[in-house]
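Biologist: I would like to learn how to read a structure. Please take me through one, feature by feature.

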Amino acid sequence: MRRFGLIGRSLSHSFSGTYFTAKFETLGITDAVFELYPLETIDALPQLLKQYPDLRGLSVTIPYKTAVIPFLDELDETAARIGAVNCIAIGDKLIGHNTDAWGFRQSLKPFLTSAHDRALILGTGGASKAVKYVLDEIGIDCAFVTRDKSQVAEGQLCFTYEELNPYILQAFKLIVNTTPLGTFPAVEEAPALPWNALTPEHLLYDLVYNPAETLFMKNGRQHGATAMNGYDMLKAQAEKAWEIWNAGVK
């Protein structure tokens with residue numbers, strides 16, 4: 001039996017567990033299981049690997065996408081450049097990958113227009129690093145929005161939420177929420193933006209997928225903006241992870 005799973009801190013509303021279990025059932029895959037492994041700290045990872053020697057792959061979610069790196073033997077090129085890992089291939093070595101970047105790019109591309117030449121990235125966690133990597137590759141200038149500017153690399157443009165104003169939002173027509181604000185069950189939360197400054201040219205992308213319409217998205221749509229959630233990104237990154245885990249498997 002091949003074992004796969006998800007590590008993170010709070011996994012009760014996990015996408016990955018439901019997605020892979022349904023995938024295995026639909027495709028008639030009977031030699032694989034996918035389980036949830038909540039870890040109080042990332043220091044518990046070695047014990048988890050020892051406890052389940054049949055693990056072949058792990059997904060990584062909040063808050064361990066960066067913290068997991070010292071526990072790995074190698075990073076692939078993309079994960080190394082991003083500085084965050086959401087997928088681990090387990091064999092003779094633990095190899096970190098980042099499939100968030102793939103999923104984000106595949107889901108975002110159909111919605112981009114010429115108006116989206118600059119982007120605000122809300123949050124500075126592991127997911128924000130993948131978003132920044134993709135936007136840099138596409139050629140979209142980025143600025144971070146954070147409560148603590150010390151979390152942003154020196155030289156990188158950033159704002160606090162208090163500094164946001166209509167002029168900034170007029171200049172940045174793509175806004176990506178990489179924070180967990182608005183995730184079920186705290187559905188009444190949303191990043192603090194000057195919502196009245198939004199226009200039909202704005203595209204709001206929320207990496208949150210549960211609920212399907214977050215307050216961030218709802219507020220954007222009420223002001224004419226296009227808004228999308230992170231479900232398509234999650235599906236794409238999960239399929240890329242499955243591809244990585246099965247590379248070389250006959």
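**Reading the model**

Modeller: Helices are DSSP runs of H or I with at least four residues, strands are runs of E with at least two, and both are numbered from the N terminus. This is a predicted model, where local features need pLDDT of at least 70 and side-chain atom pairs count only at pLDDT 80 or more, while totals for chains, interfaces and linings use all residues. Residues are numbered from 1 along each chain as its sequence is written, and side-chain values use heavy atoms, with hydrogens and water left out.

Biologist: Is S128 buried or exposed?

Modeller: Buried means under 20% relative accessible area, exposed means over 50%, and partly exposed lies in between (1.4 Å probe, protein chains only). S128 has 1% relative accessibility, so S128 counts as buried.

Biologist: Which residues does S128 touch?

Modeller: A contact means heavy atoms within 4.5 Å. Leaving out residues up to four places away in sequence, S128 touches I121, G123, F144 and T178.

Biologist: Let us step back to the whole chain. How many helices and strands does the chain have?

Modeller: The chain has 8 helices and 12 strands.

Biologist: What share of the residues counts as buried?

Modeller: Of the 250 residues, 51% count as buried. Contacts can be sorted by sequence distance too. Among contacts between residues at least 6 apart in sequence, 64% join residues at least 24 apart.

Biologist: How is the surface described?

Modeller: Accessible areas come from the Shrake-Rupley method with a 1.4 Å probe; for residues, only the protein chains shown count as cover. The accessible surface of the chain is about 12100 Å², and 51% of that belongs to carbon and sulfur atoms.

Biologist: Now salt bridges. How many are found in the whole structure?

Modeller: A salt bridge is a side-chain nitrogen of Lys or Arg within 4 Å of a carboxyl oxygen of Asp or Glu. A search of the whole structure finds 13. One of them pairs the side chains of R3 and D54, at 3.1 Å from N to O.

Biologist: Why is the R3 and D54 pair said to tie parts together?

Modeller: R3 lies in strand β1 (residues 2-8) and D54 in the loop between α2 (45-51) and β3 (55-60), so the pair ties together parts that are 51 residues apart in sequence. R3 is buried at 15% relative accessible area, whereas D54 is partly exposed at 22%.

Biologist: Show me a bridge within one helix.

Modeller: Take K235 and D232, whose closest N and O atoms are 3.7 Å apart. The two residues are 3 apart in helix α8 (residues 231-245), which means they are separated by about one helical turn. K235 is partly exposed at 30% relative accessibility, and D232 is partly exposed at 40%. Bridges can also share partners: R3, E35 and D54 are joined into one network that way.

Biologist: Last, peptide bonds. Which residues are joined by cis peptide bonds?

Modeller: Most peptide bonds are trans. Here, a cis bond joins F184 and P185, with omega about 10 degrees. P185 is in the loop between β10 (174-177) and β11 (203-206). Another cis bond joins N210 and P211, with omega also about 10 degrees. P211 is in the loop between β11 and α7 (215-222).
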